[in-house]
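Please look through the structure shown here with a strand pairing and a few aromatic contacts in mind. The paragraphs below take these topics in turn.

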Amino acid sequence: MDCQAEVNCGLHLVIQTSPLPEKNKVEFKLNKDTSSFPGRLLQHDLERNYSSRQGDHINLVSSSLSSFPILQRSSEEKILYSDRLSLERQKLTVCPIINGEDHLRLLNFQHNFITRIQNISNLQKLISLDLYDNQIEEISGLSTLRCLRVLLLGKNRIKKISNLENLKSLDVLDLHGNQITKIENINHLCELRVLNLARNFLSHVDNLNGLDSLTELNLRHNQITFVRDVDNLPCLQHLFLSFNNISSFDSVSCLADSSSLSDITFDGNPIAQESWYKHTVLQNMMQLRQLDMKRITEEERRMASVLAKKEEEKKRESHKQSLLKEKKRLTINNVARQWDLQQQRVANIATNEDRKDSDSPQDPCQIDGSTLSAFPEETGPLDSGLNNALQGLSVVDTYLVEVDGDTLSLYGSGALESLDRNWSVQTAGMITTVSFTFIEFDEIVQVLPKLKIKFPNSLHLKFKETNLVMLQQFNALAQLRRIDQLTIDPQGNPVVNFTLWKYYVLFRLSHFSMQKINGTEVTQNDMIMAERLFGILAHVASSELPQYRLISILGDARKKQFRYLLESKGKKPGIINEENNDSKRLVGENTNRATLNYTTRDFYNEKLEEIKEKKKFCKTYIEDLVKEATEINMKNEALQKLWPQMFIELVRDAVIEIRNKNSYMKLCLQQITDQK
């Protein structure tokens, strides 16, 4: 009867039982050919069930001189089994003293109750030591076994890998089923080919440098969340990570750099439940031949390659978007700083004007850091690639123009120049929302006519940090074509602190029939209240203005309507029908509101300068006219005094010239000839 048990670490234990005299012959072979390590060897984690051997005649004798039993074998057994000894299932609690067995190469202590490795330091030719299924808590007593090639310590109580410094020839190390929490103290095992750490308490994998001969690593049934250093194992072919806590490929990304790995398992991990699991593993580890104990087909490789290209394009696009997003954040922060500096200067200048008589005026450029506005920032960690890309990113931009769907966002006054661009009809037609941030409202007013032309479908305006400080500024919005929604952010717009500001907006911009203000629906009651509060204001304003001033305020269309009203006043009451009366009332209401306009400070200053220039020109012109008239009058008076004498002299000269008629005629002919 032949019974063969595969030791899943490259060892084949063959037990032959026959009626021949050489009974119970045990053949223990150590095979160093790496081809004898197929992926299936470790799938049961070296939890073997060796056949019990009853043929060895072994006597354990107690000694009064020592607390350890002494092993005694007959001379015949020593001759037959000089290089091997099995003490399997002997209910041992300690290692017995083994004397006279210096030639032992294979020693088996499986399935006992041994708590400590001892009494084997004299077995210096030992090649294989099997202590599977005992109660050992610490690796010790092995320092003299320099020839040891196989050490099997599975299913014990070991908590730490230690005391292996002298076992530099170790080929197989089995530590499965223990309580180990960290991989350590094995970097010197440069000849180790098989390492089994299944069913321990490992939470991560690292510290594998130096294991240059390792071909098989079993880490099943642990608590592993990430793996490192595996790419530093040049000969590793089989890696078993089944039943751990790996949830993403990023936590095992080092595997992609391993050129020798051909067989790997992830089954039983959270990552194996993901739909992208198989394609992701294959596209990052193209050299794999088996995944989860299944052979990889060429079709699977092809699909993984296609998906890898798509994923790479997606990553590039994501990286590009991240870069643009970070650039946007940096630019907005820079614009915010510029805005704060500008506002601080304005505030300091105003303060200095109020303190002209002070001996220590403030420096307009002095900035208090605590006053800087806190614009929201995204301060999350960035990946190294993005950080490298941002090193050359310019952050001196003072404005930003962004089109996101149907929203045009303008940051900084320089962004207003973008309205002069040649916007495509499609893009301009898509814009329905325009947002202004860190821009003076007075500067925005100057581009409102362009906004109306460039983006005819814009219905929603947003203002944040625009210095809206008084109700009159809302008058400027009346020149737009249409507004359905208006959003005024309290940050940087003190006007929202006025209780009645919404009602004023509804009154002044009533011709837009606005639907929402700051996200709140406008009701009919709001419109009625706005009319009650500010209707009289518009009437008074229009009544106090002279006709020429009123006409100059109105546009061309309204001028015609206004003239129509003036002409209608001269007709008899019966001539104008009810329809005309309604038109008159409607036009009159619009005209009243039109008188409530807004002039920006710069425009007002320009007008003042223009008026001063005109006054100066008129004054100079009048002075020149007066001076010229005075000179003409003086010349006229002098002529009146000199004329009588001049007339007498003219008559006398004429009489003298024509006294001799012939001489006069000759003289005239001579003059004519000379002229020709």
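Strands β22 (residues 460-464) and β23 (residues 485-488) run parallel and are joined by 4 bridges. Two strands pair if DSSP finds at least two bridges between them; helices (H or I, at least four residues) and strands (E, at least two) are DSSP runs, numbered from the N terminus. This is a predicted model, in which local features need pLDDT of at least 70 and side-chain atom pairs count only at pLDDT 80 or more, while totals for chains, interfaces and linings use all residues. Residues are numbered from 1 along each chain as its sequence is written, and side-chain values use heavy atoms, with hydrogens and water left out.

Across from K462, the bridge partner in β23 is T487. Both strands belong to an open sheet of 7 strands with mixed pairing, in the order β19-β20-β21-β22-β23-β24-β25. At its edges stand β19 (400-404) and β25 (520-521), each with a single partner strand, so one side of each has no neighbour in the sheet.

The structure also holds 10 aromatic pairs. Rings of Phe, Tyr and Trp (its six-membered ring) pair if their centres lie within 6.5 Å; planes under 30 degrees apart count as stacked, over 60 as edge-to-face and the rest as tilted. W423 and F455 make an edge-to-face pair, 5.3 Å centre to centre with 70 degrees between the planes. W423 lies in the loop between β20 (407-411) and α5 (425-430), and F455 in the loop between α6 (441-454) and β22, so the pair ties together parts that are 32 residues apart in sequence. Both W423 and F455 are buried, that is, under 20% relative accessible area, with exposed meaning over 50% and partly exposed in between (1.4 Å probe, protein chains only).
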